[in-house]
Amino acid sequence: MSPAFLYGGAGILLFALGLWSFLVHEPLLRKLIGFNIMGSGVFHLFIAIAHRGDGLPPDPVPHALVLTGIVVAVSATALALALNSRLEAADANASASAHQTHGRGADEHADDAKRRRWPTR
Amino acid sequence: MTSTSLLFLPVAVPLLGALLVTAFPRTSSILGVTAALASSAGGLWVTAQTWLHGDLGSVLGGWGLPLGIGLAADGLSAALLAMSSLVGLGISVYAIGYFAGSERCTHFWPLWLLLWASLNGVFLAADLFNLYVMLELLGLSAAALGALTGSREAIAANLRYLLVGLLGSITYLLAVALLYAGYGTLDIGLLSERLQPSPLAATALVLMIAGLALKAALFPMHFWLPPAHANAPAPVSAALSALVVKTAFYLILRLWLDLFPAIADAAAAFVLGALGAGAVLWGSWRALRAQRLKLLAAYSTVAQIGYLFLFLPLIQATPAGAARDDLIAACVLMAITHGFAKAGFFLAAGLVQQKAGHDRIDELGGAAQSMPATTFSIALAGAALIGLPPSGSFVSKWVMIGGAFTTGQWWWLIVIAAGTGLAAAYIFRVLGHAFGLEPTPRCFLTNARAELPAFLLAATSGVLLGLGAGPLWSLLGLSGGHA
């Protein structure tokens, strides 16, 4: 078994593990970590491809692709987290106004915020 | 400067506009609409050059492939570029009035111009990795635009849209890595020459089409589209439904025709066609049952995307020649007609919603009757969605039905007939409310700047594209066109 195959296979395994986590787990943070693991799997595969044989310089193209890919993955994660914090702020407002009308205790909606997850359909 | 070296204009002009609008938020409306005019001119200029000189290609900054960024325009990209330029201009003019006096204006323009740049980037990119970058840019700006209203539903729907888009594009990227491992190039032209039927290439095909079908909201992966499109502001809904979903379909068509002809077989085409049939039936049914006008339009998008996938088994079963060329051109015509029709429909629906303060279909009678031009726009766009003559989709459906007869795939005819019937039902359900007994105004246009973009887009889809479909065949460089 060649090292390139081992690295490439590990990349595909990482992709599959990340995909499983992305699909199965409901909280946003777990989905995002799953997505980043999927991305790492693909980058792993790219780095394995760059190997052209012992003693030869590696192929620069996959390295450039991985760098771009990392930038894209980081900005996508940031946008998802920003949207999620807006969502939590909207929920906090909603439960604050519910508190005013129903007179619920502060502890209760702190609990609500903990329990709340991003909505699924 | 030759025409080839200016191929970057449709990407660079909106990108520059987005930067300027971000730097000077006080004048964002004026700057934004100027940038929109320039972007539209740039896109149409490239379409015209492709029309006159045939396929164009350029490598940015003189850096050769594979490290440089290559751009290419052929008939297919030029046709879609023309659609994004005209629909984009209509949406921009409408947006000035829609966002007037609102601080959302300063957020809309940078994101919208960025979205436009990445749309054109997808249409012009010549290699698989740049396509990935453009798709991601498109997904990020589209999700941010969709959440612009800031309401809880909009943010939740667009967070889901973002995640679905990320899943689609990372799957696509895995396929890109596999192809690079197997064939050592990312250029679409070179790759299609080297591609041999192999397990690797077949895996890459499945991964790419699956990832892109998720982004194109092909049934049953459409679940994210209706809430995301229905909760966005009207100009954004128009852009998402008319343009953004088309990019994923454009890529599937391009990969199918240019990259994977050696691997794509009738079974794969049948699976995609069957999913398309599911989309036509389910999307039209849900549109008929929808309570809100924008939700109806969003489900109608799901159905119309289904029609585009119905073309694939027909194209696959037809031998190369005039009949196959007709089918390809009809498929592109259908995509373009839907782009104009759905943009016009959403813009008009936004006006009705602003007037009435809600978009519940059953209570829209009065608002619709007080705006004759807007109601007429909805009717024209609706005629194109149903496929009534002389709309562009009538020509497309005509060719599609002919193809189904010639290739003996009669079962698609049932889907087309049922989908058309359901579309007529959901459009007339909306229009029925416009014929009540409320007093109607004397003038046709009540607010020209807001109503004209919707009207012109709808009229283009409902009349112009059907009567003037001939040039599309020559732009795509295809024979046939007797239909």
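The model is predicted: local features need pLDDT of at least 70, side-chain atom pairs count only at pLDDT 80 or more, and totals for chains, interfaces and linings use all residues. Residues are numbered from 1 along each chain as its sequence is written, chains are lettered from A in the order in which they are written, and side-chain values use heavy atoms, with hydrogens and water left out.

**Where the chains touch**
- Chain B brings 31 residues to the contact and chain A brings 39 residues, where contact means heavy atoms within 4.5 Å.
- Together the two chains bury about 3100 Å², with 85% of it on carbon and sulfur atoms; that's the accessible area (1.4 Å probe) lost on putting the two parts together, summed over both.

**Charged partners and chain B's side**
- There is one salt bridge between chain B and chain A, meaning a side-chain nitrogen of Lys or Arg within 4 Å of a carboxyl oxygen of Asp or Glu.
- Its partners are Arg152(B) and Asp91(A), at 2.2 Å from N to O.
- On chain B, α5 (128–146) and α6 (152–183) each supply at least two residues of the side that touches chain A; helices are DSSP runs (H or I, at least four residues), numbered from the N terminus.
- The largest share of that side, 19 residues, comes from α6(B).

**Cysteines**
- Over all chains, the disulfide count is zero, a disulfide being a pair of cysteine sulfur atoms within 2.5 Å.
- Cys105(B) is buried at 8% relative accessibility, and Cys331(B) is buried at 0%; buried means under 20% relative accessible area (1.4 Å probe, protein chains only).

Conventions
Buried < 20%, exposed > 50% of the residue type's maximum accessible area, 1.4 Å probe, protein only.
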